[in-house]
Amino acid sequence: MGAFSHLPEVLRSLGADPADVCAAAGFDVALFENPASLTTYRAASRLFRVCAERTGCPHFGLLQGQKSGLDSLGLVGLLVKYSSDVGTALRGLVRHMHLHIRGAVATFEESGKLATFGYEIHAPGAEGTDQIADAALGTMFNIMVALCGPPWKPIEVRFAHRRPAEMAPFQRFFRAPLHFDMDENALVFAASWLSRPLPAVEPELSRLLRDKIEALEAQYRDELPEQVRSILRTGLLADHGSADQVATLLSMHGRTLHRRLAACGTNFRTLVDECRYEIARQFLKDTDADVGRIAHMLDYADTSAFARAFRRWSGTTPSRWRARDRRVLPLTRPRPRPA
């Protein structure tokens, strides 16, 4: 709950009663009393959608993100804060994000003179993904300012949803070029910031943090399908989503990956189908990208191949799905492909 602990405050600032809004979303408002409380990503995503609808504020997610930062990430936030430099901090955040938030993954890439810090949602059935993405980007912006100081600013900001009707709130906050209908939610900035050193911390505190993180990693080590989904959510869009590539990232052999997934009652092909279906629905719902572009992003040979797969998953075509239901993602997973 710490990830969006400021949500009641934002609701009240917009003249809404948090208890009423939470009740409309089927969400327990008492969970906000303890930042360590747990909820599902699907329930939180539904709450974000209802908040935007009940307040009539199309940039509700951005307002929530503006109030969040490292303090909203709990132990992972402390690990980031007490890193040696900005690059190490971001790599640590990406590596350990799953200990704080399930259903989404942080990404980081350095390419030449540019660095990209992103956020991708992979939870099946997530609602309000545009609002969550805006909140995440606002939080990430604040994290970068906390690490680098007020002079930091992005070169550009990318949104994996359509251009909002009201641009002013986004322009005032990010103070950078904004690009919509992109294939990622991300901040792009000069890679030179990555070498910026962070304030020194007591070695004993660093050791205690590492020990606690390692203990949590051991606790969640067996949740392999969730880890594979996290990797596939970005891997499928970056052409590194094969079983061998995913296995390498998980430091195991491909055969070991298949065997362990089978022990969990699933298989790699099923997880790929689930992620492709989820990505396709998010782009159909949140962006104005044409079906051909979405097919290309998901590495289909052509639009007709993507349309056949989407019909197998959903029972209808991508165009009809988009026309019928652009507001709320269906809460079902794709039909399994025969082995």
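**Salt bridges and overall fold of the predicted model**

Lys285 has a relative accessibility of 4% and therefore counts as buried, the cut-off being under 20%. In this predicted model, the side chain of Lys285 meets that of Asp286 in a salt bridge, with an N to O distance of 2.8 Å. Asp286 likewise counts as buried, at 5% relative accessibility.

An α-helix has 3.6 residues a turn, so residues three or four places apart point the same way. Both partners, Glu278 and Arg281, are buried.

Helix H13 (residues 268-286) also takes part in a link between distant parts of the chain, since Asp273 in H13 pairs with Arg312 in helix H15 (residues 303-314), 39 residues apart. In this salt bridge between Arg312 and Asp273, the closest N and O atoms are 3.1 Å apart. The two residues are placed on either side of the 20% cut-off for burial: Asp273 is buried, at 2% relative accessibility, whereas Arg312 is partly exposed, with a relative accessible area of 27%.

In total, the structure holds 13 salt bridges. Elsewhere in the chain, Arg46, Arg49, Glu53 and Glu127 are joined in a network of such bridges.

In helix H6 (residues 86-96), the buried residues include Val86, Gly87, Ala89, Leu90, Gly92, Leu93 and His96. The N-terminal end of H6 is capped by Asp85, a side-chain oxygen of which lies 3.2 Å from the backbone nitrogen of Gly87, and Gly87 is itself among the buried residues of the helix.

At the level of the whole chain, the secondary structure comprises 16 helices and five strands. The radius of gyration is 20 Å, which agrees with the value near 20 Å for a compact globule of 339 residues, and the C-alpha trace spans about 55 × 50 × 40 Å along its principal axes. Of the 339 residues, 55% count as buried. Among contacts with a separation of 6 or more, 68% are accounted for by residues 24 or more positions apart. The protein chain exposes about 15700 Å², of which carbon and sulfur atoms supply 52%.

Key
Residues numbered from 1 in each chain as written. Predicted model: local features only at pLDDT ≥ 70, side-chain atom pairs only at ≥ 80, totals over all residues. Heavy atoms only, no water. Buried < 20%, exposed > 50% of the residue type's maximum accessible area, 1.4 Å probe, protein only. Helix = DSSP H or I, 4+ residues; strand = E, 2+ residues; numbered from the N terminus. Polar contact = N/O pair within 3.5 Å; in protein donor to acceptor, adjacent residues only side chain to side chain. Salt bridge = Lys/Arg side-chain N within 4 Å of Asp/Glu carboxyl O. Rg over C-alpha atoms; globule rule 2.2 N^0.38 Å. Contact = heavy atoms within 4.5 Å. Areas by Shrake-Rupley, 256 points an atom, 1.4 Å probe, with all protein chains shown as cover.
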